[in-house]
Amino acid sequence: MKGNNTNMKQITLSNGVEMPQIGYGVYQVSPDEAERCVSDALSVGYRMVDTAQAYANEEGVGNAVRKSGLKREEVFLVSKIWLSNYGYEKALASIDESLRQLKTDYIDLMLLHQPFCDYYGAYRALEDAYREGKLRAIGVSNFQPNHFIDLASNVDIRPMVNQVETHVFCQQRKAAEYMDEFGCRVMSWGPLAEGRNGLFTNPVLVEIGKAHSVSAAAVALRYLTQRGVIIIPKSTHRERMEENFRICDFTLTDAEMERILALDTQHSLFFDHNDPEVTKMFMGWRGLV
Ligand code: NAD
């Protein structure tokens, strides 16, 4: 295993709060497994963990942080409010419940998970909890430019982060320009596209990886961080957690960056939030948590 990641950048959000550029995501990690996985991730060196009310594993995350021996301020915790908790009052109550599950009195970054239902009411709850010191930073997730510009133009405290599907096949370059206008940072979900589209065996990524003695996965993640994107790759295997974390001791050349830029299809591999059928699907999911 190469390097120890001492070169990892901290990203400064628009309110001055700093967060690690590389974190660990726990989507589809069972409540029981979450504690073991997050403990492994923290021992590998990760200092940012991304969870959500909808993942039903905030408690496992909180247990792992508690038992890690790390000080609370050494770990940057991210969570997200689910649609079933939207609207001002319910969102406020759900923030308190997330604090309880995570066993902490503040969350470093809280996001609205989806751009549907009463997201204005939920966002006002984020703003008030932020003012009260329960949240150190606030933002959104899955807000495409239309929803993002609407919200960011009409709130008191602009979203500091927008977590959107971002990987080599869906690079979000145009969306990032709009976020930049509002001082918002891009945080990638699915930075490895969950392996879709043959990412781990993509010939361009494999060839570039050989030149640096790293895997296609490492190249795909390094590409994002070199573009300034915050990433939260997920793996339940410790070796892969290490591989995904230690990506700061090689640098892609401009020519390599250009080759990876050309892999962008500008289309989602998961859910296109501009597709009405996807909106209908989320209406069915809103009561799930
Ligand atoms: P990902 O792109 O991180 O891919 C994860 C999968 O890739 C793993 O399950 C594993 O099968 C494989 N993998 C990981 N590292 C590998 C390696 N080095 N070599 C080979 N295979 C490897 O996908 P993800 O989990 O969907 O996204 C990461 C995180 O983003 C999630 O855990 C979650 O925290 C967040 N997320 C947020 C949203 C949202 O709506 N905001 C949606 C999906 C995910």
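Two strands count as paired here if DSSP finds at least two bridges between them. Strands (E, at least two residues) and helices (H or I, at least four) are DSSP runs, numbered from the N terminus. This is a predicted model, where local features need pLDDT of at least 70 and side-chain atom pairs count only at pLDDT 80 or more, while totals for chains, interfaces and linings use all residues. Residues are numbered from 1 along each chain as its sequence is written, and side-chain values use heavy atoms, with hydrogens and water left out.

Eight of them form an open sheet in the order 3-4-5-6-7-8-9-10, and the pairing is parallel. At the edges sit strand 3 (24–25) and strand 10 (230–231), each of which pairs on one side only. For a look at one pairing, take strand 7 (residues 138–141) and strand 8 (residues 161–165), which run parallel and share three bridges. Within that stretch, Ser 141 stands opposite Gln 163 of strand 8.

**Helix packing**

Two packed helices are described by the angle between their axes and the distance between the axes. The axes are lines fitted to C-alpha atoms over the stretch in contact, and the angles run from 0 to 180 degrees between N-to-C directions.

| Helix pair | Axis angle | Axis distance |
|---|---|---|
| Helix 3 (residues 88–102) and helix 4 (residues 119–131) | about 45° | 7 Å apart |
| Helix 4 and helix 5 (residues 145–153) | roughly 50° | within 12 Å |
| Helix 5 and helix 6 (residues 173–181) | roughly 5° | within 10 Å |

As for the wording, angles under 35 degrees count as roughly parallel, over 145 as roughly antiparallel, 65 to 115 as roughly perpendicular, and the rest as oblique. Helix 5 is therefore roughly parallel to helix 6, and helix 4 and helix 5 are oblique to each other.

What about handedness? A crossing is right-handed if the near helix is turned clockwise from the far one by less than a right angle, and left-handed if anticlockwise. Helix 3 and helix 4 cross in the right-handed sense. On the helix 3 side, the contact (heavy atoms within 4.5 Å) involves Tyr 88, Ala 91, Leu 92 and Ile 95, while helix 4 brings residues including Arg 124, Leu 126 and Asp 128.

Helix 4 and helix 5 also make a right-handed crossing. Here Tyr 119, Tyr 120 and Tyr 123 of helix 4 meet His 147, Asp 150 and Leu 151 of helix 5.

Helix 5 turns up again in the last pair: its Pro 145, Phe 148 and Ile 149 meet Ala 175, Tyr 178 and Met 179 in helix 6.

**A salt bridge in helix 1**

Across the whole structure, a search finds 18 salt bridges (a side-chain nitrogen of Lys or Arg within 4 Å of a carboxyl oxygen of Asp or Glu). One links Arg 36 with Glu 33, whose closest N and O atoms are 3.5 Å apart. Because Arg 36 and Glu 33 are three residues apart in helix 1 (residues 31–44), about one helical turn separates them.
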